[in-house]
Amino acid sequence: MKPILTVSLIAMCAGALLVVVHIVTREPIEANRSTEEVNRMAGLVDTTDVEKLCEQGIELQTIEIQGYGGLMKVLVAFQNEKVLGVRVTRHDETPGFDSILAPDDWIQTFGSKPVDEIDAVSRATITSRAVLRAVEEAMDQHREQEESC
Amino acid sequence: MLRQVFAESFATRNVATVQLLGLCPLLAVSYSLENAIGLASASTFVLLASSLTISLFRKLIPKNIRLPCFVLIVATLTTVVVMLAQAYAWDLYIQVALFMQIIVTNCMILGHIENVAARQSVLVSMINASGTALGFSAALIVFGSVRQLLSEVMPLAAHPIGAFLIAGSLLALVNLYTKKD
């Protein structure tokens, strides 16, 4: 009985501590992630304002998809009915794989090749496949959508 | 006696150069002094906090479930450190995210807890923990500096191969200097 009580007590205290720290850090983390979002759009678009993008002839689809560690926010930009480029602006993937999703790596191949010629990344199957699925979903949405510009 | 505890944990039984524990993060982040200091601080926080907690309650944790309890406490503290880093040190966190998240698996923490914190008084445990943390940080800083300086002259040093070679050389030097026979 004693082991059960001890572990339960420790677990409850640990849970309480985590809740407190989570509440305290929630806002600063959100602020940091938002700044990061803007940074990660680099090289593709510099704003999410629909009108400004229309002036450049760019249409943006934002897809939220389940990745390996949580929801990913994938931005797919279209120009002249073709995929211009893709950026992952928010994710919870394993930290080492951020290099794949960083604006200067695998993610950059979108737009330079047709989407069905882009392979998933072998050591980050779930992550890269999620991005590919998100791009396909964006393409479907873009096709069904009426002209917005 | 307390001075001896500190001297032992910092020098003669240095966790990185003598006990050879916690080498994974050491080798991984030592390419940059700034990142090395950041990770050393995070590990130190987890080590000190878990040492304090476990040594305070050491008589209340049943021996047969002590390991799950230790890991539970250290993992919670690791998550706390990660959340704090994400909130207040985002740029550092981005650099060392992976290694901050696996601080719980750092053998020096569990080694210290099992051998010292779970058996000794709070005072002895904290002094030993401080010595261990400082010893680890010192090793990290020395190693990081050497590696960063060498990588100016020898690009190999910046890669994992160079890290292992430098680590081996430094350990050999330490042994040369300290072994009497």
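## Aromatic pairs in chain B

A residue is buried when its relative accessible area is under 20% and exposed when that area is over 50%; in between, the residue is partly exposed. The model described here is predicted.

Across all chains, the structure holds three aromatic pairs. One of them joins Phe6(B) and Phe10(B). The pair is stacked: the ring centres of Phe6(B) and Phe10(B) are 5.9 Å apart, with 10° between the planes. Both residues belong to helix H1 (residues 2-12) of chain B. Four residues separate Phe6(B) from Phe10(B), about one turn of the helix. Phe6(B) has a relative accessibility of 30%, so it counts as partly exposed. Phe10(B), at 32%, is also partly exposed.

Another pair brings together Trp90(B) and Tyr93(B). This pair is tilted, with 6.1 Å from centre to centre and 40° between the planes. Trp90(B) and Tyr93(B) sit three residues apart in helix H5 (residues 90-101) of chain B, so about one helical turn separates them. Are Trp90(B) and Tyr93(B) buried or exposed? Both are buried.

## A nonpolar patch on chain B

Chain B also carries a nonpolar patch on the surface. Its members are Leu150(B), Val153(B), Met154(B), Leu156(B), Ile161(B) and Leu165(B). Together they have about 560 Å² of accessible area. Two elements of chain B each give two or more residues to the patch: helix H7 (122-153) and helix H8 (160-178).

Where does Met154(B) lie? Met154(B) is in the loop between H7 and H8 of chain B. With a relative accessible area of 39%, Met154(B) is partly exposed.

## Helix H4 of chain A

Now to chain A. Helix H4(A) covers residues 125-144, which makes 20 residues. At 1.5 Å a residue, H4(A) should therefore span 28 Å. The C-alpha atoms at its ends are 29 Å apart, which agrees.

Which residues of H4(A) are buried? They are Thr127(A), Ser128(A), Ala130(A), Val131(A), Leu132(A), Ala134(A), Val135(A), Ala138(A) and His142(A). Their cover includes three strands of chain A: E1 (58-66), E2 (71-79) and E3 (82-90). Helix H3 (98-101) of chain A is also part of that cover.

Arg143(A) reaches 60%, so it counts as exposed.

## Arg40(A) and its two partners

The structure holds nine salt bridges over all chains. Arg40(A) takes part in one with Glu36(A), where the closest N and O atoms are 4.0 Å apart. Arg40(A) and Glu36(A) lie four residues apart in helix H1 (residues 2-40) of chain A, so about one helical turn separates them. Glu36(A) is buried, because its relative accessible area is 18% and the cut-off is 20%. Arg40(A) is buried too, with a value of 7%.

Arg40(A) forms a salt bridge with Asp98(A) as well, and here the closest N and O atoms are 3.0 Å apart. How many residues apart are Arg40(A) and Asp98(A)? They are 58 residues apart, and the pair links distant parts of the chain. Arg40(A) is in helix H1 of chain A, while Asp98(A) is in helix H3.

Lys73(A) is found in strand E2 of chain A. That strand is part of what covers the buried residues of H4(A). Lys73(A) itself has a relative accessible area of 21%, so it is partly exposed. Lys73(A) and Val45(A) are 28 residues apart in sequence. In space, their C-alpha atoms are 15 Å apart.

What does Lys73(A) contact, leaving aside its neighbours within four places in sequence? Its contacts are Glu37(A), Thr62(A), Ile63(A), Glu64(A), Arg87(A), Val88(A), Thr89(A) and Arg90(A). Lys73(A) also belongs to a network of salt bridges, linked with Glu30(A), Glu37(A) and Arg90(A).

Definitions and conventions: Residues numbered from 1 in each chain as written. Chains lettered and ligands numbered in written order. Predicted model: local features only at pLDDT ≥ 70, side-chain atom pairs only at ≥ 80, totals over all residues. Heavy atoms only, no water. Expected span 1.5 Å × (residues − 1). Buried < 20%, exposed > 50% of the residue type's maximum accessible area, 1.4 Å probe, protein only. Contact = heavy atoms within 4.5 Å. Patch = residues over 30% accessible without salt bridge, like charges linked within 9 Å, V, L, I, M, F, W, Y side chains within 5 Å. Areas by Shrake-Rupley, 256 points an atom, 1.4 Å probe, with all protein chains shown as cover. Salt bridge = Lys/Arg side-chain N within 4 Å of Asp/Glu carboxyl O. Phe/Tyr/Trp six-rings, centres within 6.5 Å; stacked < 30°, edge-to-face > 60°.
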